Amino acid sequence: MSSFKIAALAGDGIGPEVMREAIKVLRVVEKKFSLTFHITEAPVGWAGIDAAGKALPDATLALCRESDSILFGSVGLPDRDPTIPKEQRPERAALLRIRKEFGLFANLRPVKLPKALSYACPLRPERQGDGLDMLVVRELTGGMYFGQPKKTEDIGNGVQRAIDTMVYTTPEIERIAHVAFQAARLRRKKLTSIDKANVLENGILWRETVTRIGKEYPDVALEHMFVDNGAMQLMLKPTQFDVMLCENMFGDILSDEAAALAGSLGMLPSASLGATSGGQTFGFYEPAGGTAPDIAGKNLANPIAQILSVALMLRYSFKLNAAADAIDGAVALAIDQGFRTGDIYNPAETTAKKVGTTQMGDAIAAGI
Ligand code: NAD
């Protein structure tokens with residue numbers, strides 16, 4: 001198949017600005033690789049509320065259902081209407097609804113620190129090797145965030161008790177393990193599975209199940225690590241990681257810890273994947289950061305996270321690896337050429353060219 005339907009939901013804040021650059025790059029890729037992208041834009045977030053009274057308008061949801069993938073910007077404006085009920089706010093009404101509607105159970109967060117941006121990383125240069133390049137795969141729909149019972153109760157004498165339940169079944173672990181092993185196959189073929197098998201029943205089942213699934217991927221080197229050690233190793237020797245596989249809560253924490261190593265939210269894409277059927281994987285692709293209201297509308301946002309989200313979409317949903325490589329390569333080239341948006345600009349770099357959102361998009365499009 002060389003024709004793909006993409007729902008482009010830019011959302012709020014910097015969303016429309018960075019989405020414009022991502023579509024610019026998609027159009028160049030389309031031409032260069034003789035593909036057809038049917039890109040339809042639709043409102044979501046506050047833009048959805050303004051256009052149709054809902055953070056996820058019915059027409060936007062219908063468009064997503066008809067599409068092969070969703071390319072998403074970000075939603076939410078903290079200063080807008082604090083009286084709107086929590087469940088109608090964009091972060092919940094749009095994002096959680098989409099996750100649920102499309103059964104998005106796997107979250108992929110690549111963290112890449114090009115050598116040229118070494119100064120943006122909080123670690124000393126000798127801990128960064130030749131630059132960082134890892135992928136955190138997080139289970140998204142199980143574990144403690146969703147397990148039942150989940151409640152706070154009075155147990156007498158003014159004492160309250162809060163209960164969260166960590167629960168995983170083998171099929172839930174198996175499907176996320178397959179995603180992680182397959183992702184490792186597309187990379188350096190090393191998988192570190194994170195658990196707490198020394199304390200948690202869930203950890204023991206996680207480790208046993210991942211080990212069993214690993215036998216189907218003999219070309220991928222599998223190791224296990226306790227989560228506390230994993231958190232420490234990320235600071236001490238992040239270059240040892242290729243793919244890191246985590247259950248929901250551990251992945252929530254470790255993916256943010258790993259993200260901090262890349263220096264700016266503006267560099268970090270993410271993918272959330274649903275089930276694969278007929279060789280097609282439905283995916284939701286978005287920058288890791290939010291709407292950045294402090295810089296919105298000023299041509300200051302870094303579009304790289306949104307553009308790298310396009311590369312993830314091509315790789316994981318459309319299996320267009322060469323086109324995805326071309327985008328990754330064009331981003332690396334723009335960085336090598338010294339193009340810097342404000343978030344990654346270092347005045348001490350004499351060769352750096354400080355640019356805005358559109359100029360960075362132009363440089364990457366030209367690099368394709
Ligand atoms: P944020 O990620 O929007 O911003 C945090 C900081 O990072 C800001 O200083 C911002 O300028 C900077 N930043 C983020 N993306 C950048 C980019 N592409 N280029 C340059 N700088 C960038 O987080 P926040 O300020 O806590 O949240 C703002 C709004 O975004 C809130 O309403 C929040 O709920 C929402 N949010 C949405 C999503 C999502 O849609 N998936 C994710 C996170 C936050």
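**Exercise 1.** What volume does the largest pocket have?

*Solution.* Before starting, note that this is a predicted model, in which local features need pLDDT of at least 70, side-chain atom pairs count only at pLDDT 80 or more, and totals for chains, interfaces and linings use all residues. Residues are numbered from 1 along each chain as its sequence is written, and side-chain values use heavy atoms, leaving out hydrogens and water.

Step 1: learn the term. On a 1 Å grid over the protein atoms alone, a pocket is an open set of points with protein on both sides within 12 Å along at least five of seven lines, while a cavity is a set of points where a 1.4 Å probe fits but cannot get out; lining residues have an atom within 4 Å of a point. Grid points are joined across faces, edges and corners, and a volume is the space filled by probe spheres set on the points.

Step 2: read the value. The largest pocket has a volume of about 890 Å³.

Step 3: find its centre. The lining has 31 residues, and Glu91, Leu95, Leu96, Arg99 and Glu286 are the closest to the centre.

Step 4: ask who contributes. Domain 1 (1-114 + 265-368) and domain 2 (122-261) each supply at least three lining residues, with the bounds coming from an automatic or database domain assignment.

**Exercise 2.** Describe the second largest pocket.

*Solution.* Step 1: it holds about 500 Å³ of space. Step 2: among its 26 lining residues, Pro110, Lys112, Asp133, Arg187 and Asp328 are the closest to the centre. Step 3: α9 gives the most to this lining, with five residues. Step 4: sorted by class, the lining has 16 nonpolar, one polar and nine charged residues. For this count, Ala, Val, Leu, Ile, Met, Phe, Trp, Tyr, Cys and Pro are nonpolar, Asp, Glu, Lys and Arg are charged, and the others, Gly among them, are polar.

**Exercise 3.** Which residues touch the most other members of the largest nonpolar core?

*Solution.* Step 1: a nonpolar core is a set of buried Ala, Val, Leu, Ile, Met, Phe, Trp, Tyr and Cys residues joined through side-chain atoms within 4.5 Å. Buried means under 20% relative accessible area, exposed over 50%, and partly exposed in between (1.4 Å probe, protein chains only). Step 2: among the 88 residues of this core, Phe37 and Leu314 touch the most other members. Step 3: helix α9 (residues 304-317) gives the most to this core, with nine residues. Step 4: both domain 1 and domain 2 give residues to this core, so it lies between them.

**Exercise 4.** Where in the structure is Lys319 found, and what is its phi?

*Solution.* Step 1: Lys319 is found in the loop between α9 and α10 (321-336). Step 2: its phi is positive, about 55°, although Lys319 is not a glycine. Most residues other than glycine have a negative phi, and most peptide bonds are trans. Step 4: Lys319 counts as partly exposed, at 46% relative accessibility. Step 5: turn to a peptide bond. The one from Gln148 to Pro149 is cis, with omega near 0°, and Pro149 is found in strand β6 (residues 147-154).

Methods: Helices (H or I, at least four residues) and strands (E, at least two) are DSSP runs, numbered from the N terminus.
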